[in-house]
Amino acid sequence: MKRSRINDILLSADDMIRSFGFVLPPFAYWTPDEFRQRKDIANNVINARCGWDITDYGAGDFDKMGLFLFTLRNGRLADLQRGGGMCYAEKLLISRQDQLSPMHTHIIKAEDIINRGGATLVIELFGSDDQGNFDETSGGRVYCDGIKREFAAGEKLKLAPGESVTLMPGDWHAFWGEGGDVLVGEVSTVNDDETDNVFREPIGRFAKIDEDVAPKHLLVSDYKNWLE
């Protein structure tokens, strides 16, 4: 993806988020130079990989297959492993109309996916085999706003604004906006986007960036190159 396109997506995403009365934390608006100057006091933000995240899953067609994310807070895997402490994470996502987030599951992370506003969020669901692999014949069980719901293989769950679904490791899912763009909330156990996303197809999690202009804000995938 071109950096100029990423900069434009950041601006439009911030506008959409604010339109629902939500404001991102102050570090979201730091310039790259400000981030460098403050990296010592922002060590927790950097290590937890909080911040802006835009992906086209390495496919090069963001409008067709992609996702905007902002990680607001993220816990520590060590805390999760010992069973106490900061074991949670929270994100905001924007799923655009007909923009696919491809079929995947997680090894560790359980998550609530919440339609925070906008159009309808469609989630396509499949179950797993005995080894946790994608199973095109398997359904399963999820909880929608705390209410148990059985799903058949390939069933498309539709969430209106205010509705949510709880997904556990082994619940394979893909999603997109229907009828317009959707502001999505994600509340989960500790999030590790580098190792805990298992995709059905061999695709990448992060975009390859063409640096045609300077970044307006850093992405979480920029931290290693820009701040270390």
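1. Pro215 sits in the loop between E12 and H5. This is a predicted model, and in it Pro215 counts as buried because its relative accessibility is 9%, under the 20% cut-off. Leaving aside neighbours within four places in sequence, Pro215 is in contact with Arg3, Asn7, Pro32 and Trp226.

2. Asp14 belongs to helix H1. Is this residue, Asp14, buried or exposed? Asp14 counts as buried, because its relative accessibility is 12% and the limit is 20%. Its contacts, neighbours within four places in sequence left aside, are Leu24, Tyr29 and Trp52.

3. Ile54 is worth a look on its own. Not counting residues up to four places away in sequence, Ile54 touches Met1, Ile6, Ile9, Leu10, Phe62, Leu67, Phe68, Ala207 and Leu219.

4. Aromatic residues come next. The whole structure has nine aromatic pairs. In one of them, Trp30 and Phe35 have ring centres 5.1 Å apart. Their planes stand at 80 degrees, so the pair is edge-to-face. Both Trp30 and Phe35 are buried.

5. Tyr57 and Phe199 make another pair, with ring centres 5.7 Å apart. Their planes stand at 75 degrees, so this pair too is edge-to-face. Where do the two partners, Tyr57 and Phe199, sit in the chain? Tyr57 is in the loop between E1 and E2, and Phe199 is in strand E12. The pair links distant parts of the chain, 142 residues apart. Tyr57 is buried, with a relative accessible area of 6%. Phe199 counts as buried as well, because its relative accessibility of 15% is under 20%.

6. One aromatic cluster is formed by Phe27, Trp30, Phe35, Trp52, Phe68, Phe70 and Tyr223.

7. The largest cavity contains about 150 Å³ of space. It is lined by 17 residues, and the closest to its centre are Leu67, Leu69, His104, Glu186 and Asn197.

8. Which elements supply at least two residues of the lining of the largest cavity? They are strand E2 (67-74), strand E3 (88-95), strand E4 (101-106), strand E5 (111-128), strand E11 (172-189) and strand E12 (197-199). E11 gives the most, with three residues. By class, the lining of this cavity divides into seven nonpolar, four polar and six charged residues.

9. The largest pocket holds about 280 Å³ of space. Of its 19 lining residues, the closest to its centre are Arg49, Asn74, Asn191, Asp192 and Asp193. The lining of the largest pocket has six nonpolar, six polar and seven charged residues.

10. The second largest pocket has a volume of about 200 Å³. Its lining consists of Ile46, Asn47, Arg49, Glu194, Phe206, Val220, Ser221, Tyr223, Lys224 and Glu228. H3 and H5 are the elements that give two or more residues to this lining. By class, the lining of the second largest pocket has four nonpolar, two polar and four charged residues. Arg49 is on the lining of the largest pocket too. Tyr223 is also a member of the aromatic cluster.

Terms used:
Residues numbered from 1 in each chain as written. Predicted model: local features only at pLDDT ≥ 70, side-chain atom pairs only at ≥ 80, totals over all residues. Heavy atoms only, no water. 1 Å grid on protein atoms, 1.4 Å probe; cavity = no way out; pocket = protein on both sides within 12 Å on 5 of 7 lines; lining within 4 Å. Points joined across faces, edges and corners; volume = space filled by probe spheres on them. Helix = DSSP H or I, 4+ residues; strand = E, 2+ residues; numbered from the N terminus. Nonpolar A, V, L, I, M, F, W, Y, C, P; charged D, E, K, R; others polar. Contact = heavy atoms within 4.5 Å. Phe/Tyr/Trp six-rings, centres within 6.5 Å; stacked < 30°, edge-to-face > 60°. Buried < 20%, exposed > 50% of the residue type's maximum accessible area, 1.4 Å probe, protein only.
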